[in-house]
Amino acid sequence: MNHPVDVPFVDLRPMHSAMQAELDRAIQRVRDNSYFILGPEAKAFDEEFAHFHSCRHAIGTGNCLDSLQLVLRGKSLQPFDEVITTTHTFVATASSIMLAGAKPVLVDCQPDTLAIDPAQVQAAITPQTRGIIVVHLYGRVSPMETLLPIARKHGLFVIEDTAQAHGALWQGRRAGTLGDAGCFSFYPTKNLGALGDGGSVITNDDDLAERVRLLRNYGTLEKYEHAVVGLNSRLDDLQAAILRAKLTHLDQWSDARRQAARFYHEHLAGLVEIPALPRPDGDGTDHVYHLFVIRVPGRDHVRAELLRQGIRTEIHYPVPIHRQKAFASLGLPEGAFPVAEKAARELISLPFFVGITTDQQGRVVDALRQILR
Ligand SMILES: *Cc1c(COP(=O)(O)O)cnc(C)c1O
């Protein structure tokens with residue numbers, strides 16, 4: 001099936017070949033200085049990532065699941081504490097709450113943006129609620145103008161799962177700096193991706209930063225002196241060196257993503273529903289298009305037809321968190337969150353990456369036109 005004319009769902013080779021010399025130099029630097037864990041590259045990347053966000057602290061971690069878990073553990077949650085998040089997200093968002101020893105309280109998403117629904121957040125608040133994890137899904141900043149006042153009013157912390165929204169701007173500020181902490185993934189296909197796993201926590205809270213630093217490294221104060229039981233979850237220097245090179249391109253890549261998104265928007269308007277549009281009142285920079293997602297009735301048929309024409313797609317996500325076996329203990333039946341459940345049946349993520357050609361995008365558009373005619 002994988003003949004050379006397939007349109008891949010994601011292809012990192014155009015991005016990497018355009019910066020091959022920079023990647024080679026980064027790898028060479030780490031090999032030559034031979035510090036691999038918590039060395040100079042990791043330190044420099046933390047500083048540069050914090051600077052990019054105009055924020056006080058960035059702490060490299062092993063991945064985004066750990067970033068979320070480390071922040072939640074930094075908040076010292078008790079077993080009956082509740083953390084509200086959306087059922088329409090990647091599993092890590094909800095898992096982190098369980099792993100930190102608290103109770104996830106799931107809510108439905110907004111029908112148009114598919115972001116966490118602020119009205120449902122408000123309705124889910126109990127005396128046990130400690131915080132909210134907001135997910136900037138698909139690269140679009142969630143409705144923070146409504147969510148932040150709700151959190152402030154009830155004294156709740158706000159964690160941003162920024163795994164899909166590196167560099168997105170909201171009212172002139174970067175996503176990840178809008179609440180108490182931003183949690184990032186550098187999984188290879190993310191907008192800022194390592195050549196392996198990686199993550200970061202960013203925050204302006206000095207105490208929280210200190211706790212996360214401690215917890216990501218076995219709770220180590222001094223060598224062999226451990227203050228708390230922690231994880232081993234550090235961003236290694238090889239990945240940090242690569243990310244330093246890539247960070248200098250991030251805003252340019254976000255522009256490229258917005259431009260590619262514009263092509264799909266122009267050619268697919270009226271043909272399919274496109275959720276997660278940029279804010280109507282903004283300049284579009286609140287959306288960095290990690291994914292380009294459409295909704296169609298008869299989704300499985302449409303995907304199969306696309307595949308028959310060599311066009312590879314994905315679904316983000318086919319099963320909401322509350323319908324996952326891993327979360328059966330929450331006791332949420334089918335029908336509990338109808339907006340997310342309907343979306344899960346209709347979503348398709350189209351081929352989308354930095355360096356996708358208009359020829360490739362044109363093939364996707366033509367195929368959809370023909371299938372949906
Ligand atoms: C990718 C992703 C994660 C998990 O990131 P890892 O680094 O793989 O742990 C978490 N949340 C969202 C929304 C993601 O897209």
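Me: Where is the place of Ile 294 in this structure?

Reply: In this predicted model, Ile 294 has its place in strand β12, which covers residues 292–295.

Me: Why is Ile 294 called buried?

Reply: The term applies to a relative accessible area under 20%. Ile 294 has a value of 0%, so the residue is buried.

Me: Which residues does Ile 294 touch, leaving out those up to four places away in sequence?

Reply: The residues touched by Ile 294 include Leu 268, Val 272, Glu 273, Ile 274 and Pro 275, and also Glu 346, Leu 347, Ile 348, Leu 350 and Leu 368.

Me: Why is Glu 145 called partly exposed?

Reply: Partly exposed describes values between the buried limit, under 20%, and the exposed limit, over 50%. The relative accessible area of Glu 145 is 35%, so the residue is partly exposed. Glu 145 is found in helix α7, residues 144–154.

Me: What makes the pairing of the side chains of Glu 145 and Trp 170 a polar contact?

Reply: A polar contact requires a pair of N or O atoms within 3.5 Å. The side chains of Glu 145 and Trp 170 make such a contact at 3.3 Å, so the distance meets the limit. The two residues are 25 apart along the chain, and their C-alpha atoms are separated by 9.6 Å.

Me: Which residues of helix α5 are buried?

Reply: In α5, residues 91–99, the buried residues are Ala 92, Thr 93, Ala 94, Ser 95, Ser 96 and Ile 97. They pack against α4 (64–74) and against the strands β2 (82–86), β3 (103–107), β4 (129–135) and β5 (157–161). Gly 101, which follows α5, has a positive phi near 90°.

Me: Which residues come nearest to the ligand?

Reply: Of the 13 residues around the ligand, the nearest are Cys 64, Asp 161, Gln 164, Ser 185 and Lys 190. A polar backbone atom of Cys 64 is 2.8 Å from an oxygen atom of the ligand. For Gln 164, a side-chain N or O atom is 2.8 Å from a ligand oxygen atom. For Ser 185, a polar side-chain atom lies 2.7 Å from an oxygen atom of the ligand.

Me: How much of the area that the ligand exposes when taken alone does the protein bury?

Reply: Taken alone, the ligand exposes 390 Å², and the protein buries 91% of that area. The ligand takes up the space of the largest pocket. The elements giving two or more residues to the shell around the ligand are α4 and α5.

Definitions and conventions. Residues are numbered from 1 along each chain as its sequence is written. This is a predicted model: local features need pLDDT of at least 70, side-chain atom pairs count only at pLDDT 80 or more; totals for chains, interfaces and linings use all residues. Side-chain values use heavy atoms; hydrogens and water are left out. Buried means under 20% relative accessible area, exposed over 50%, partly exposed in between (1.4 Å probe, protein chains only). Helices (H or I, at least four residues) and strands (E, at least two) are DSSP runs, numbered from the N terminus. Contact means heavy atoms within 4.5 Å. A residue is near a molecule or strand if one of its heavy atoms lies within 4 Å of it. A polar contact is a pair of N or O atoms within 3.5 Å; within protein, one must be able to donate a hydrogen and the other to accept it, and residues adjacent in sequence count only if both atoms are side-chain atoms. Accessible areas come from the Shrake-Rupley method with a 1.4 Å probe; for residues, only the protein chains shown count as cover. On a 1 Å grid over the protein atoms alone, a cavity is a set of points where a 1.4 Å probe fits but cannot get out, and a pocket is an open set with protein on both sides within 12 Å along at least five of seven lines; lining residues have an atom within 4 Å of a point. A molecule sits in a cavity or pocket if more than half of its atoms lie within 2 Å of its grid points.
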